[in-house]
Amino acid sequence: MPQVGQHVRNLLGVQSQVQLLEVLSDGSKVVEAVGQLRPDVVMIDLLLQGKVKGPELIEKLRGSGLDVPVVVLTVPQHPLVRDPDRGIDAVLTLPFSGFELVNTFSHVLADRQARTSSACRVVAVFSPKGGVGKTTIAFNLAVALSQLSVATALVDGSLQYGDLRSLLKVPSDVPSILDLPTDRVQESDLRDVLWRDPAGVDILLAPPRVEMAEMVTVRDVEKTVSLLRRLYEAIVIDTPTTLSEVTLALLDASDVILSIVTYDSTTIHNTVAVSEVFGSIGYGPEKLRYLVNRADSSGGIGRDELAKALGRRPDFEVVSDGRLVVQANNEGMPFVVSSPDAAVSRDIRRTAETLLGRTADAPVRH
Ligand SMILES: Nc1ncnc2c1ncn2[C@@H]1O[C@H](COP(=O)(O)OP(=O)(O)OP(=O)(O)O)[C@@H](O)[C@H]1O
Ligand SMILES: [Mg+2]
């Protein structure tokens with residue numbers, strides 16, 4: 001409605017905080033103009049008429065990938081509810097004052113800032129040695145993160161054997177990373193493919209058969225992780241022992257590599273060897289964290305000896321609990337849920353909190 005444009009023009013004309021860049025009455029020109037002008041906020045009249053009407057324009061702008069907050073203007077006869085997931089960051093009902101308008105803008109911008117700065121943590125659980133507890137820790141860590149009210153996704157990056165699929169006894173016809181379309185992965189596709197575990201974690205499974213792992217490409221991995229980053233606050237990735245191209249792509253896409261060590265000389269040797277590889281491919285020391293699993297089973301190797309071999313003190317320790325862990329795994333249950341007070345569960349929870357930066361007593365880094 002032309003009156004709406006004029007109303008907004010008048011309101012903004014008498015203040016200096018907001019600069020009006022453009023008023024368009026043709027909805028079909030908006031996406032291009034937003035791409036060029038790069039405004040901080042776009043206002044859309046819900047009752048916009050013409051080829052592209054208000055609701056369609058909101059949808060188009062959201063699908064454009066321009067990532068601009070949208071304030072929708074409406075009238076009392078057409079009430080509308082704010083819904084950021086559908087591209088409606090705020091709603092203003094006519095008539096509104098200049099004060100309300102500017103106030104809404106600053107809320108929308110603050111919201112946006114808060115969302116983008118709470119950077120999503122992507123943690124790859126890795127070890128160059130098999131059987132050290134990667135899958136067990138990845139699963140329980142993901143559940144512990146979601147218990148801390150962090151929206152968490154778990155990715156089964158052990159693509160050949162699909163450790164999580166067997167741990168959780170997920171039927172083989174449940175979709176996997178291979179069911180995502182390869183060219184343009186959309187948020188909606190991703191939600192259809194994820195398996196929702198009762199413990200509150202969304203899981204992207206590995207393919208159901210060993211030979212299908214080869215079909216997953218580096219590009220699939222990159223796209224998937226970047227999309228998950230937009231939907232979740234934390235992503236935990238279980239990885240296989242082999243440093244294949246795809247495993248490296250998973251590690252590249254991660255903020256933190258949680259390297260699992262045990263008091264076992266081969267594990268320690270391989271861990272040191274792989275840390276040199278990480279250094280040479282440009283991963284800084286802050287990307288790598290060490291977690292000692294079964295930390296109370298030292299097998300004659302001293303703590304200092306381990307720290308000396310790694311070149312620093314490990315960041316986390318998780319105790320051994322054969323009975324609980326094996327039983328929980330056999331039942332496909334996270335022990336952090338079934339036995340929250342067990343020492344092993346507390347250790348995982350502390351790891352989750354420290355990774356989120358929520359503990360005051362995070363271990364000192366050397
Ligand atoms: N803290 C722990 N206390 C007792 N048992 C544990 C602990 N962590 C892992 N385990 C046991 O160790 C075994 C190996 O664990 P898991 O499968 O998680 O290792 P992994 O590193 O993922 O192995 P793979 O290399 O085959 O993928 C399992 O039987 C598991 O129950
Ligand atoms: Mg595993």
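**Note on the predicted model: ligand shell, sheets and helices**

1. Ligand 1 is surrounded by 21 residues, of which the closest are Gly-130, Gly-133, Lys-134, Thr-135 and Thr-136; a residue is taken as near a molecule if its C-beta atom, placed from the backbone, lies within 6 Å of it. The elements giving two or more residues to this shell are α5 (134-147) and α12 (322-331), and the largest share, four residues, comes from α12. By residue class, the shell divides into five nonpolar, 12 polar and four charged residues, where Ala, Val, Leu, Ile, Met, Phe, Trp, Tyr, Cys and Pro count as nonpolar, Asp, Glu, Lys and Arg as charged, and the others, Gly among them, as polar.

2. This is a predicted model, in which local features need pLDDT of at least 70 and side-chain atom pairs count only at pLDDT 80 or more, while totals for chains, interfaces and linings use all residues. Residues are numbered from 1 along each chain as its sequence is written, and chains are lettered from A and ligands numbered from 1 in the order in which they are written.

3. The protein has 14 helices and 11 strands, these being DSSP runs numbered from the N terminus (helices H or I, at least four residues; strands E, at least two). Along its principal axes the C-alpha trace spans about 80 × 45 × 40 Å. Of the 366 residues, 35% count as buried, a residue being buried if 20 or more other C-beta atoms, placed from the backbone, lie within 10 Å of its own, exposed if 12 or fewer do, and partly exposed in between. Among contacts between residues at least 6 apart in sequence, 69% join residues at least 24 apart, a contact requiring C-beta atoms, placed from the backbone, within 7 Å.

4. Four bridges join β1 to β2 (residues 70-74) in the parallel sense, and Met-43 has Val-71 in β2 as its bridge partner.

5. Strand β10 is mostly covered, with five of its six residues buried.

6. Helix α10 (residues 265-280) has 16 residues, which at 1.5 Å a residue should span 22 Å, and the 23 Å between its end C-alpha atoms agrees with this; the expected span is 1.5 Å times one less than the number of residues. After α10 comes Gly-282, whose phi is positive, near 95°.

7. Gly-200 is found in the loop between β6 (195-196) and β7 (202-204), and counts as partly exposed because it has 16 C-beta neighbours inside 10 Å.

How values were computed. Two strands pair if DSSP finds at least two bridges between them. Two residues are in contact if their C-beta atoms, placed from the backbone, lie within 7 Å.
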